[in-house]
Structures are given as C-alpha cells and as structure tokens.
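The questions below concern the structure shown here. Each answer ends on the value or name asked for.

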Amino acid sequence: MFAKPTPGYTTAAVTGDTVVLLIGMRINRFWAVHHWMPVMAAMFRMLHDLAKEPERGLRGRILLTASPRTYYVVQYWESKEKLYGYAAAPDAFHHKVWGIANRKIRAGKLRQYVGLWHETYIVPEGSYEAIYFDMPPFGLAGAHGSLPVERRGRRAADRLAYRSRTAGGEHSGERPEEESGAESGEQPGKVSEAGSGKTSGAETAA
C-alpha cells in the first residue's frame with residue numbers, strides 16, 4: 001500500500017515459464033454467512049501460511065474483487081511443480097480445507113450458498129510481457145522483481161521476443177542497453193503494431 005513508485009518505465013524480471021493461478025469465491029446467498037465466511041477465512045489463512053513458508057513456491061499475490069459477491073486472488077508461483085506440490089501436500093492447510101469442503105459438497109451443505117473457482121495458466125517464455133510507468137513493483141514485477149524496460153526492449157514485440165540465458169551461457173533475444181536509446185512513446189498496456197500480445201493456452205491444476 002505504501003510502496004514507493006519506481007520512476008520511469010520498468011518491466012518484470014521474470015524468465016522462463018510464468019505460472020499464474022486465479023482462485024476465488026462467490027457469495028451466492030448473502031444471508032448464509034455461516035457458509036461463506038469460513039471459506040473466506042480459509043482463503044486468508046492459506047495466504048498467511050504461504051507467506052510464512054516461501055519454500056512452498058508462492059512468489060506474489062494480489063487480492064481483488066470483481067463485484068460485491070465475488071472475491072479472488074491472483075497468485076504468481078515459482079513453477080507448476082511447486083503449485084501442484086502445494087495443492088497435494090498432506091501437511092498443508094489447503095489439503096485439510098479441501099477435504100472439509102469436498103465432504104460438505106457431497107453432503108449438499110455448500111450448494112447454492114457459495115461458489116468456488118480457480119483458473120491456472122502456465123505461460124511459456126515468449127508469450128508474456130509487461131510494462132509499468134511510475135509504479136512500484138506490482139503483479140509479475142512484484143513477484144519476480146523489476147528492471148529498466150530497456151533491458152527487455154522498449155516495444156511489446158521486443159519484450160515478447162526476449163529469451164533468457166540458455167544452458168550454454170548465451171543470450172537469445174536480449175537487446176543491449178546501448179542499442180535501445182530510441183524514444184518509445186508506448187503507454188502501459190498498449191501493444192505495438194509489431195507485437196502480437198498473444199498469450200498461451202491454459203493448463204488447469206487438479
């Protein structure tokens with residue numbers, strides 16, 4: 001909330017695949033507080049536990065609301081293996097909560113009172129890019145760190161073309177800072193005519 005903005009244009013320092021999980025709930029019946037409040041409390045408990053155990057793989061998260069009924073979390077994970085590992089870990093609070101939720105669903109005790117959902121995106125390098133202007137590290141940059149936009153390219157097409165250091169130690173696609181002196185004029189969220197703006201398909205976690 002009180003993070004200091006970074007002056008000028010920056011981008012996210014993420015390399016390789018990026019793993020994004022959207023997970024949330026919908027209050028279907030406001031009066032059924034005894035049904036949806038425990039679900040909301042469990043969501044905050046899981047986030048609290050993950051913050052205390054960074055080795056689980058959660059790199060960052062953003063709490064959002066889509067309406068007075070719908071609340072969700074955008075989560076950035078270190079890898080899909082870490083995400084799947086946490087989802088199945090018997091010692092994690094998530095495992096206990098979903099066991100309780102599944103029993104209530106089978107018994108018909110949650111139906112029509114509260115909705116639950118998630119979407120998982122495994123996006124390969126070359127299919128994502130980001131730009132921020134006068135922003136503190138946020139989103140992908142908040143999860144993976146930020147760097148001057150020149151390190152990845154002034155235009156969206158350049159950032160999409162970036163490839164991280166290969167196993168042989170060579171760079172593929174990174175533009176040297178001294179070659180990126182042209183003024184951009186690009187606004188955050190705007191994809192250049194040469195850029196694709198296309199993201200990959202989604203892989204869904206069990």
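**Cavity, pocket and salt bridges**

Q: How many nonpolar, polar and charged residues are in the lining of the largest cavity?
A: This is a predicted model. A search of the whole structure finds 1 cavity of 30 Å³ or more, and 13 residues line the largest cavity. By class, that lining has 7 nonpolar, 2 polar and 4 charged residues.

Q: What is the volume of the largest cavity?
A: Strand 1 (6–12) and helix 5 each give at least two residues to the lining of the largest cavity. The volume of the largest cavity is about 100 Å³.

Q: Which residues that line the largest cavity are the closest to its centre?
A: The largest cavity is lined by 13 residues. Those closest to its centre are Val14, Tyr128, Glu129, Arg152 and Arg159.

Q: What is the N to O distance in the salt bridge of Glu129 and Arg159?
A: Glu129 is partly exposed because its relative accessibility is 27%, whereas Arg159 is buried, with a relative accessible area of 5%. The side chains of Glu129 and Arg159 meet in a salt bridge with an N to O distance of 2.7 Å.

Q: Why does the pair of Glu129 and Arg159 tie together parts that are apart in sequence, and how many residues apart are they?
A: The side chains of Glu129 and Arg159 meet in a salt bridge. Glu129 lies in the loop between strand 5 and strand 6 (132–135) and Arg159 in helix 5 (residues 156–161), so the parts tied together by the pair are apart in sequence by 30 residues.

Q: Are Glu150 and Arg154 buried or exposed?
A: The side chains of Glu150 and Arg154 meet in a salt bridge, at 2.6 Å from N to O. Both residues, Glu150 and Arg154, are buried.

Q: Where is Arg56, and is Arg56 buried or exposed?
A: Arg56 is placed in the loop between helix 1 and strand 3. Leaving aside neighbours within four places in sequence, the contacts of Arg56 include Leu50, Trp77, Tyr86 and Asp91. The cut-off for buried is under 20% relative accessible area. Arg56 has 15%, so Arg56 counts as buried.

Q: How far apart are the closest N and O atoms of Asp91 and Arg56?
A: Asp91 is exposed, with a relative accessible area of 58%, and Arg56 is buried, with a relative accessible area of 15%. Asp91 forms a salt bridge with Arg56, and the closest N and O atoms are apart by 3.1 Å.

Q: Why does the pair of Asp91 and Arg56 tie together parts that are apart in sequence, and how many residues apart are they?
A: Asp91 forms a salt bridge with Arg56. Asp91 lies in the loop between helix 2 and helix 3, and Arg56 in the loop between helix 1 and strand 3 (58–65), so the parts tied together are apart in sequence by 35 residues.

Q: Which residues do salt bridges that share partners join into one network?
A: A search of the whole structure finds 5 salt bridges. Salt bridges that share partners join into one network the residues Glu53, Arg56 and Asp91.

Q: Which element gives the largest share of the lining of the largest pocket?
A: The largest pocket has a volume of about 630 Å³ and is lined by 33 residues. Elements that give two or more residues to the lining include strand 2 (18–27), helix 1 (33–52) and helix 3 (93–106). The largest share, 9 residues, comes from helix 3.

Q: How many residues in the lining of the largest pocket are charged?
A: Ile23, Met46, His94, Val97 and Trp98 lie nearest the centre of the largest pocket. By class, its lining has 25 nonpolar and 6 polar residues, and the number of charged residues is 2.

Q: What is the separation of the C-alpha atoms of Leu110 and Trp36?
A: Leu110 is found in the loop between helix 3 and strand 5, and counts as buried because its relative accessibility is 7%. Not counting residues up to four places away in sequence, Leu110 touches His35, Ala101, Lys104 and Ile105. Leu110 and Trp36 are 74 residues apart along the chain, and their C-alpha atoms are separated by 8.5 Å.

Note on methods
Residues are numbered from 1 along each chain as its sequence is written. This is a predicted model: local features need pLDDT of at least 70, side-chain atom pairs count only at pLDDT 80 or more; totals for chains, interfaces and linings use all residues. Side-chain values use heavy atoms; hydrogens and water are left out. On a 1 Å grid over the protein atoms alone, a cavity is a set of points where a 1.4 Å probe fits but cannot get out, and a pocket is an open set with protein on both sides within 12 Å along at least five of seven lines; lining residues have an atom within 4 Å of a point. Grid points are joined across faces, edges and corners, and a volume is the space filled by probe spheres set on the points. Helices (H or I, at least four residues) and strands (E, at least two) are DSSP runs, numbered from the N terminus. Ala, Val, Leu, Ile, Met, Phe, Trp, Tyr, Cys and Pro count as nonpolar, Asp, Glu, Lys and Arg as charged, and the others, Gly among them, as polar. Buried means under 20% relative accessible area, exposed over 50%, partly exposed in between (1.4 Å probe, protein chains only). Contact means heavy atoms within 4.5 Å. A salt bridge is a side-chain nitrogen of Lys or Arg within 4 Å of a carboxyl oxygen of Asp or Glu.
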